[in-house]
Amino acid sequence: MERDLLLYKMDACPYCIRVMNFMQANQIEIPQRSTDTDPAARADLIEAGGKAQVPALQIDGEILYESGDIIAWMEEHLLE
């Protein structure tokens, strides 16, 4: 099933780096927006999820926070 995914992140955030390292190690490619360099991305994240916390994975319009939860979701839904 094709899902609409978008990862909100900040380049210097250690939790974001954890998610990015997991994605790189597992060859997972998801569109990304940096909330530290793109004010519109930050505003979109707040509108979608109610807060600016990153990392945040938008899944079919719903926001999932916390690096551990994001990695667990990716393991369950994106890895074979």
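Helix H1, which covers residues 14–25, contains 12 residues and reaches 16 Å from its first C-alpha to its last, close to the 16 Å expected at 1.5 Å a residue; the expected span is 1.5 Å times one less than the number of residues in the helix. Helices (H or I, at least four residues) and strands (E, at least two) are DSSP runs, numbered from the N terminus. The model is a predicted one, in which local features need pLDDT of at least 70 and side-chain atom pairs count only at pLDDT 80 or more, while totals for chains, interfaces and linings use all residues. Residues are numbered from 1 along each chain as its sequence is written, and side-chain values use heavy atoms, with hydrogens and water left out.

The buried residues of H1 are Cys 16, Val 19, Phe 22 and Met 23, where buried means under 20% relative accessible area, exposed means over 50%, and partly exposed lies in between (1.4 Å probe, protein chains only). Seen down the axis of H1, these buried residues fall within an arc of 125 degrees, so they line one face of the helix; the arc is that of the directions from the helix axis to the C-beta atoms. On the other side of H1, Pro 14, Gln 24 and Ala 25 are exposed. The cover over the buried residues of H1 includes E1, E2 and helix H3 (67–78), contact being taken as heavy atoms within 4.5 Å. Just after H1, Gln 27 adopts a positive phi of about 50 degrees.

From the helix we can turn to the strands. In E3, Ala 56 and Gln 58 point one way and Leu 57 and Ile 59 the other way, and all of them are buried. E3 pairs with E1 in the antiparallel sense over four bridges, two strands being counted as paired if DSSP finds at least two bridges between them. In this pairing, Leu 5 stands opposite Ile 59 in E3. E3 is also joined to E4 by four bridges, and these two strands run antiparallel; here the bridge partner of Ile 59 is Glu 62 in E4. E3 and E4 form a hairpin with two residues between them, and Asp 60 in the turn has a positive phi of about 50 degrees.

A salt bridge here is a side-chain nitrogen of Lys or Arg within 4 Å of a carboxyl oxygen of Asp or Glu. Asp 60 counts as partly exposed at 40% relative accessibility, and Arg 3 counts as partly exposed at 29%.

A search of the whole structure finds four salt bridges, and among them is a network that links Arg 33, Asp 38 and Asp 44. Asp 38 forms a salt bridge with Arg 33, their closest N and O atoms being 3.5 Å apart. Asp 38 is partly exposed, with a relative accessible area of 27%, and Arg 33 is partly exposed as well, at 21%. The side chain of Arg 33 also meets that of Asp 44 in a salt bridge (2.6 Å, N to O). Because Asp 44 lies in helix H2 (residues 39–49) and Arg 33 in strand E2 (residues 32–34), this pair ties together parts that are 11 residues apart in sequence.
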